[in-house]
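Let's take a friendly walk through a protein model. Have the sequence and the 3D view ready as you read.

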Amino acid sequence: PYQYRALDLIKQIQQASRIYLARVGLELPPIDFSRRGSGEMAGSVREPRDPLVARAAADAPALALWTALDPAGADSAALAQALSAFEAWLAGHPSERRLDLQERAERLRLEPDCSACAAELRAALWSLLDPAPQGPHDRVRADALGRAWLDALPEAAE
């Protein structure tokens, strides 16, 4: 009898610990009976969004300044424009290195021919830039053993 009592208590605990959720059904949009049977598809099918659309870069002014600071393509007009756009962007961009970047940009603005200042600012900008998005990768080519296996497949099928 004590075993039956223990079994009843275990079953009560099991039943008390169960969680019952209301069944949620699929809610389809209401049927438009005026179009039913007409074959008209306008507005009924949504176009899938293109997954390969380039995303907008949040660090575009920083990237433009980093590119303008390239020693190989030094253009003073483009550098001045990129520097002013970067300073405007930096004013509204929260960064723990904001004061350091502002000081380096101001030093470069005062001494535009200072290559060391440009190199320091370019190195400091690197940490602000987002990493490049990963694109599709090429398939790995088969090595010698893999090629031998692929060549043997048609023979095995015969």
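Predicted model: local features only at pLDDT ≥ 70, side-chain atom pairs only at ≥ 80, totals over all residues.

The protein chain has six helices and zero strands, and along the sequence the pattern reads α-α-α-α-α-α. Of its 158 residues, 16% count as buried. The chain exposes about 13800 Å², and carbon and sulfur atoms supply 59% of that area. Among contacts with a separation of 6 or more, 55% are between residues 24 or more positions apart.

Now for the inside. The largest nonpolar core has 21 residues, and those touching the most other members include Leu65, Phe86 and Leu121.

The most, six residues, comes from H3.

Which residues does Phe86 contact, leaving aside its neighbours within four places in sequence? They are Pro61, Ala62, Leu65, Leu101, Leu125 and Leu128.

Next, look for the largest pocket, which holds about 310 Å³ of space. Its lining is made up of 18 residues, and Leu69, Leu79, Leu108, Pro112 and Ala118 lie nearest the centre. By class, twelve lining residues are nonpolar, two are polar and four are charged. H3, H4 and H5 each supply at least two residues of this lining, with the largest share, four residues, coming from H3.

Terms used:
Residues numbered from 1 in each chain as written. Heavy atoms only, no water. Core = buried A, V, L, I, M, F, W, Y, C linked by side-chain atoms within 4.5 Å. Buried < 20%, exposed > 50% of the residue type's maximum accessible area, 1.4 Å probe, protein only. Contact = heavy atoms within 4.5 Å. 1 Å grid on protein atoms, 1.4 Å probe; cavity = no way out; pocket = protein on both sides within 12 Å on 5 of 7 lines; lining within 4 Å. Points joined across faces, edges and corners; volume = space filled by probe spheres on them. Nonpolar A, V, L, I, M, F, W, Y, C, P; charged D, E, K, R; others polar. Areas by Shrake-Rupley, 256 points an atom, 1.4 Å probe, with all protein chains shown as cover.
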